[in-house]
Amino acid sequence: MPLLPLHTDAKIIRVQLRQNLALRHLAADQWQELEPLLEVEDYPKGNTLEHQGDHSMEQYFILDGILKRVVSNAEGKEMILRFAAETDIDTSYAAWHLKTPIPYSIRTVTHVRAAKLSMQHWVSFLERHPAVKTEFDLEIMKLMSEVMAHTITLHLLDASGRLQRFMRKHADLVERLPKKELASYLNLSPETLSRVKRRGKI
């Protein structure tokens, strides 16, 4: 996997990275420091970037495609915690600081291109730039609040309410997600999801 400065699409990737929620506030000198640390990798659909229980962790900045965060129990039953697409991130930042294994897996829903670096290098970069760290910590808090709100939604809203909420929050993803993935996220069968869509003419 090439480092960003050596990538054939480096110019386009730089533009994409500057739109990322966690990186858009970086100053020119901070970009110069960060870019040589970034690797760019393409992942096929269904690939696992991080395994639940891993200690080796990386920070991902999504350039193209959709990732999902998944937690599973000992019996193999899975729950999708969130989706993330272009301009978003996925991360094991909290587990790194807590010195615990990552409590979920990160997988591709579609083909994904991402820029990444080791969590050790990312945390070191943040420590050198407190203002960037403050912005990143805010994004992490938003991400964790989103996961918590989704979990609560599964208990409090019916099928129609869950779908309507998802459409309000993530309208850009509704048509891009495979029906099976969206149904799993909403804790519905694909058949129920289709029925709810028809009923609501969505």
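This report walks through a central strand, one of its residues, the nonpolar cores and a helix in a predicted model.

Let's start with strand S3, which spans residues 58–64. Six of its seven residues are buried, so the rest of the structure largely encloses this strand.

S3 has antiparallel pairings with two strands. With S8 (residues 112–118) there are six bridges, and Glu58 has Ser118 as its bridge partner there.

## A closer look at Gln59

Gln59 sits in S3 and is buried, with a relative accessible area of 0%. That value counts as buried because the cut-off is under 20%.

What does the side chain of Gln59 make a polar contact with? Its partner is the side chain of Thr91, at 2.6 Å. Beyond residues up to four places away in sequence, Gln59 also touches a set of residues including Ile89, Asp90, Lys116, Leu117, Trp122 and Phe136.

Nonpolar side chains tend to be buried together in soluble globular proteins. In this model, the largest nonpolar core has 41 residues, and Leu17, Leu23, Leu34, Phe61, Trp122 and Phe136 touch the most other members. A second, separate core holds 19 residues, among them Ile80, Val109, Leu173 and Leu177.

Leaving out neighbours within four places in sequence, Leu34 is in contact with Leu23, Leu26, Leu117, Trp122 and Phe125.

## Helix H6

Finally, have a look at helix H6 (residues 159–169), where Ala159, Gly161, Arg162, Leu163, Arg165 and Phe166 are buried.

Note on methods. Residues are numbered from 1 along each chain as its sequence is written. This is a predicted model: local features need pLDDT of at least 70, side-chain atom pairs count only at pLDDT 80 or more; totals for chains, interfaces and linings use all residues. Side-chain values use heavy atoms; hydrogens and water are left out. Helices (H or I, at least four residues) and strands (E, at least two) are DSSP runs, numbered from the N terminus. Buried means under 20% relative accessible area, exposed over 50%, partly exposed in between (1.4 Å probe, protein chains only). A polar contact is a pair of N or O atoms within 3.5 Å; within protein, one must be able to donate a hydrogen and the other to accept it, and residues adjacent in sequence count only if both atoms are side-chain atoms. Contact means heavy atoms within 4.5 Å. A nonpolar core is a set of buried Ala, Val, Leu, Ile, Met, Phe, Trp, Tyr and Cys residues joined through side-chain atoms within 4.5 Å. Two strands pair if DSSP finds at least two bridges between them.
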